[in-house]
Amino acid sequence: MNLVESPLDPCDALSRVTVPAGEPWLGELRRGQTLRIVDLEGNQAADTLFYNLDNPRGERYSAVDTVREQGNAYLSTGSCLRSTAGRPMLTITADTCGRHDTLGGACAAESNQVRYALDKKPMHNCRDNFLIALAESDYGLGKRDIGPNINFFMNVPLTPEGGLSFQDGLSGPGKYVEMRAEMDVLVLLSNCPQLNNPCSDYNPTPLEMIVWK
Amino acid sequence: MSTPSLPPERIVYQEHVPGARYASLILRRGFALRLTDADGTANAAVLLYNPHNLLERYNAPDTLKGQHTARLTAGHMLYSDMGRVMLSITADSLDWHDPIGGISDADAVRGTYGQARYQERLNDFHRSGRELFLIELAKWGLGRADLLPNVNFFSKVQADEAGNLRYRPEHSHAGARVDLRAEMDTLIILQTAPHPMAPGPEYAPGAVDLTVYRAEPVAAEDPCLVSHPENARAYANTAAYHSQE
C-alpha cells in the first residue's frame with residue numbers, strides 16, 4: 001500500500017462542499033488545482049468521471065488506458081489518470097486509503113437487476129445520478145459519454161487466476177484521496193446510493209470535496 | 001475446452017480479416033459467430049452495440065463484476081449496459097480472452113514498432129487499434145465518444161497479487177477458436193491491430209477468420225445461463241426485451 005499524506009491545509013482551500021449520500025456533484029477543476037475527496041464516515045464509494053473541459057465529448061477519462069500505462073490494476077499515489085486520447089488528466093498526489101478501483105464500474109438500475117435481483121430496478125443508482133447531472137447541465141453530454149469510472153475508496157482485487165472479487169473496504173472515517181489536475185477538467189461524481197452492497201455496510205454516507213488553487 | 005465442428009449447412013457467411021484490418025456485421029439473434037485465429041498471432045478486438053438503439057452497448061465493468069471475472073472464456077456472457085446479455089461465449093479452445101487491455105493508439109504503435117507510413121509500406125503500413133475502430137465506427141454514425149473498453153480475443157493479460165499487469169505472449173495458437181452466440185441482435189465492430197501490450201519490434205498482427213452460422217436453440221440448462229445466477233437474470237431481461245416480437 002502506498003499511503004501518502006498531503007501537506008495541504010483545508011483552511012487554505014478555495015472551496016469545501018459536502019456531498020450527501022446518493023447525490024451527484026458536477027464541478028470544474030482548472031489545470032494546477034488540487035481536489036481532495038474525503039470519505040467522511042468510511043467505506044463510501046465515490047463514483048467519479050472526468051472530461052476534458054475544452055472538449056468533453058471528444059476526450060474523457062479512460063480506465064483501461066490508465067491501468068495499462070501504469071502496468072497495475074489499482075489506483076493510488078502516483079497514478080496518472082489518463083484520457084481516451086492517452087493524455088494525463090490528473091495525478092493522484094496523496095492517498096490515505098491505499099487502493100482505489102477503476103474496473104468495477106458504477107451501479108445502474110439495470111446492473112442492479114443483474115447483480116442482485118430483477119425487482120431491484122427501482123432503486124436509486126449512480127448512473128441515474130450521472131444522467132440527471134449531465135441532463136441538467138449545458139455541457140452537451142449524455143449517456144454515450146458515460147464510460148467506465150473510478151470507484152474511489154473501493155477495493156476490487158484481481159487474482160492471478162483471472163478472478164475479480166469485492167473485498168471489505170480499506171477505507172475508514174476521514175481517509176482521503178487527493179489529485180492535481182493536469183488539464184482543465186469537468187468532474188462528475190456520484191456519491192453512491194447502493195443499498196445492496198456490503199462494501200458500504202448498507203449505509204451510504206457523505207463525502208467532502210475540497211479544492212485548492 | 002473444445003469447440004464443436006460446424007456442419008456446412010449451418011454456415012451462412014465467412015470472411016477472412018487480415019492483420020491490422022477491420023470488419024463489422026450485425027449478428028442476428030439465433031445466429032452465432034466463430035472467431036478463428038488463423039496463424040496463432042491474432043488479436044481480435046471487439047466492440048458491441050445494439051443496432052436498434054446504438055446507445056446500448058457492451059459494458060466491460062458490468063460484464064466483469066456480474067461474473068466475478070477478469071478474463072473471458074466459455075460459460076461467460078457479454079452484458080450490455082442495459083442489464084441484458086448481447087453475446088454468450090458458448091465454446092472456446094483457449095481459456096482466457098482479455099477484457100482490460102484496451103487498444104493501441106498511433107503514438108503507441110510508433111513507439112513500439114517505429115514509423116511506417118503508407119508512402120513507404122503501401123498496404124503494410126502501420127495502423128493502430130484506435131484508428132481501425134474509429135474508421136469502422138464511423139460507418140455506423142459512431143465516433144470517439146462511443147469508444148469503450150473492448151474485448152481482445154486470443155490475448156491474455158494477467159494480474160499478480162499486487163495488481164501488476166502482464167501480457168502473456170504466445171498465449172494463442174493457429175486454429176484457436178471461440179464461439180459467440182447472439183442473444184439479441186448485435187452490431188459487432190472488430191479490428192485486428194496488435195494488442196497494445198504486445199512486445200515489438202516487428203509489426204505483424206495476425207489474421208482472423210469469421211464464420212457466421214445458425215445457432216442451436218438455447219436450452220433451459222444452457223451452460224452460459226446456469227454458470228452464474230447473474231447470467232440467468234441478464235438473460236431474463238433479454239427475453240423480456242423480445243417479449244413483444
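Hi everyone, let's start where the two chains meet: 43 residues of chain A are in contact with 46 residues of chain B. Please keep in mind that this is a predicted model.

How much area do chain A and chain B bury between them? It comes to about 3,600 Å², and 55% of that lies on carbon and sulfur atoms. On the chain A side, the residues that lose the most area to chain B are A:Arg68, A:Val114 and A:Arg144, which together make up 19% of what that side buries.

The rule picks out 2 salt bridges across the interface of chain A and chain B. One that you can look up on the screen joins the side chains of A:Arg144 and B:Asp146, at 2.2 Å from N to O.

Which elements of chain A give two or more residues to the side that touches chain B? They are helix H1, residues 63-70, and helix H2, residues 109-115. H2(A) gives the most, with 5 residues. By residue type, the side of chain A that touches chain B splits into 18 nonpolar, 13 polar and 12 charged.

Let me move on to chain B and to strand E4, residues 44-50. This strand is mostly covered, with 7 of its 7 residues buried. In a regular strand, side chains alternate between the two faces of the sheet. In E4(B), B:Ala44, B:Val46, B:Leu48 and B:Asn50 point one way, while B:Ala45, B:Leu47 and B:Tyr49 point the other way, and all are buried.

And which partners does E4(B) have? Let's take them in turn.

- With strand E8, residues 151-153 of chain B, E4(B) pairs in the antiparallel sense over 3 bridges; here B:Ala45 has B:Asn152 as its bridge partner.
- With strand E12, residues 186-191 of chain B, E4(B) runs antiparallel and is joined by 5 bridges; B:Leu48 stands opposite B:Ile188.
- With strand E5, residues 53-57 of chain B, E4(B) is again antiparallel, joined by 2 bridges; B:Tyr49 stands opposite B:Arg57.

That last pair of strands, E4(B) and E5(B), forms a hairpin with 2 residues between them.

Terms used: Residues numbered from 1 in each chain as written. Chains lettered and ligands numbered in written order. Predicted model: local features only at pLDDT ≥ 70, side-chain atom pairs only at ≥ 80, totals over all residues. Heavy atoms only, no water. Contact = heavy atoms within 4.5 Å. Buried area = accessible area lost by both parts, 1.4 Å probe. Salt bridge = Lys/Arg side-chain N within 4 Å of Asp/Glu carboxyl O. Helix = DSSP H or I, 4+ residues; strand = E, 2+ residues; numbered from the N terminus. Nonpolar A, V, L, I, M, F, W, Y, C, P; charged D, E, K, R; others polar. Buried < 20%, exposed > 50% of the residue type's maximum accessible area, 1.4 Å probe, protein only. Pairing = 2+ DSSP bridges.
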